[in-house]
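The entries follow in the order in which I went through them.

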Amino acid sequence: MTATSPRLKHEVKDLALAPLGRQRIEWAGREMPVLRQIRDRFAQEKPFAGIRLVACCHVTTETANLAITLKAGGADALLIASNPLSTQDDVAACLVSDYEIPVFAIKGEDTETYNRHVQIALDHRPNIIIDDGCDVVATLVQQRQHQLADIIGTTEETTTGILRLRAMFKDGVLTFPAINVNDADTKHLFDNRYGTGQSTIDGIIRATNILLAGKTVVVAGYGWCGKGTAMRARGLGANVIVTEVDPVKAIEAAMDGFRVLPMVEAATVGDLFITVTGNKHVIRDEHFDVMKDGAIVCNSGHFDIEIDLKALAAKTQEIKTVRPFTQEYRLGNGKSIVVLGEGRLINLAAAEGHPSAVMDMSFANQALGCKYLIENQGKLQPGIHPIPAEVDREIAYLKLQAMGIKIDVLTPEQIEYINSWTSGT
Ligand SMILES: NC(=O)c1ccc[n+]([C@@H]2O[C@H](COP(=O)([O-])OP(=O)(O)OC[C@H]3O[C@@H](n4cnc5c(N)ncnc54)[C@H](O)[C@@H]3O)[C@@H](O)[C@H]2O)c1
């Protein structure tokens, strides 16, 4: 059901869900002290006065805290979902009815609706785009060249979006600055590793309620998300196997104590498979053929292309939903394979995404990244720019302060020593 309001254009499931959304947004806000400080500052300084801003993010309690922060800073902000399955409908309802932020997002929306929402976001004529996976920016560049003059820049949240932006830059079509939020230390070291690690396991458990102790879990990809996922699966007693294509990451996994195998071998022994590579068809036809009866497959990478579900469907006689977000594919050979969350990121499909404490830092980077774009309007070249190191460090200091952790400071003697080359053995 789509709710409509005469006051504010929006598309959410049901505005009556707003009170629950408000409770949950406020609960998440308790774990987001850095973003809260930024919000207080923005409310005074109004850095986004007169700025039209579109955010294409997972519509979660944490994103709500970001949207409220941007609005406090004066932004004319509109929010759409960055994935058809990741929207929390109560959060979307609350943002519309309590905060007057237009939201176009409904959990389970079809691809056509998702794409229509991207068009609605572009109809807002944004000056700044906060993207998570680069769908809005790619659509802008492909279909709305006439709006490029409005754009001050974009900030990109995730690894997959950064890969797409790099490809756009290489093709000469990225004509405005893009801030690489993903690669800030205070983002990927915590969000991708601890956030994805914990919430991926959370999604799997909520979808299946299986015991991980004693299971053989295959993690495809040993990047930041893979490291976190493998670490947490091991912590729950699973025997973890890692698959990789990068020789250095493979050594790292081996020295971290994991078995490393090619997928075609891991496929024969795994009970549960988790893809987190950002790549396509990492689990495919040849792997399904050799999997054990009842093997469970899921994905926590950005897009639903890591598991070749078309190939699986082609050898399937019947698909049965056995629990929410859990579908059993009965194959022609008599075996079955269980797919979680339709192959979409399981931590957002079946659970609530990353815990707020990590999103506090990710979204502090987003908020300050947008401010940086405005302060440097006309000065930044088209292309991909890092979050400035001083912003990254400021966020780390604020987070430490909020966690009540104190650290040492360099003495003048130490500063001199580490900047000199004359004193050796
Ligand atoms: N679920 C979430 O909430 C969430 C959060 C952050 C990032 N992501 C997404 O997760 C994905 C991974 O992100 P990351 O930051 O870990 O990236 P990363 O670049 O650090 O790691 C990806 C790893 O996958 C490996 N890889 C690529 N193709 C492979 C293949 N065919 N088989 C095995 N390994 C392969 C790469 O060598 C690399 O080590 C991206 O799509 C990213 O956007 C999801």
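Entry 1, domain positions. I took the centres of domain 1 and domain 2 over C-alpha atoms and found 29 Å between them, keeping in mind that this is a predicted model. The assignment I worked from gives domain 1 as 15-187 + 353-402, in two segments, and domain 2 as 197-349. To the contact, domain 1 brings 17 residues and domain 2 brings 13 residues.

Entry 2, the area between the domains. I noted that the size of an interface is often given as the accessible area lost when the parts come together. Here domain 1 and domain 2 bury about 1200 Å² between them, and 62% of that area is on carbon and sulfur atoms. On the side of domain 1, I find that L85, T160 and G353 supply 39% of the area buried against domain 2, more than any other three residues.

Which kinds of pairing does the interface hold? I counted zero salt bridges between domain 1 and domain 2, whereas four residue pairs, both members at pLDDT 80 or more, are in polar contact across the interface. Sorting by class the side of domain 1 that touches domain 2, I get three nonpolar, 10 polar and four charged residues.

Which residues come nearest to the ligand? Of the 26 residues around the ligand, I list T158, T159, T160, E244 and S300 as those that come nearest. The side chain of T158 has an N or O atom 2.6 Å from an oxygen atom of the ligand, and a polar side-chain atom of N279 lies 3.1 Å from a ligand nitrogen atom. For H302, I noted a polar backbone atom 3.0 Å from an oxygen atom of the ligand. Taken alone, the ligand exposes 860 Å², of which the protein buries 86%.

How values were computed
Residues numbered from 1 in each chain as written. Predicted model: local features only at pLDDT ≥ 70, side-chain atom pairs only at ≥ 80, totals over all residues. Heavy atoms only, no water. Domains from an automatic or database assignment. Contact = heavy atoms within 4.5 Å. Buried area = accessible area lost by both parts, 1.4 Å probe. Salt bridge = Lys/Arg side-chain N within 4 Å of Asp/Glu carboxyl O. Polar contact = N/O pair within 3.5 Å; in protein donor to acceptor, adjacent residues only side chain to side chain. Nonpolar A, V, L, I, M, F, W, Y, C, P; charged D, E, K, R; others polar. Near = heavy atom within 4 Å. Areas by Shrake-Rupley, 256 points an atom, 1.4 Å probe, with all protein chains shown as cover.
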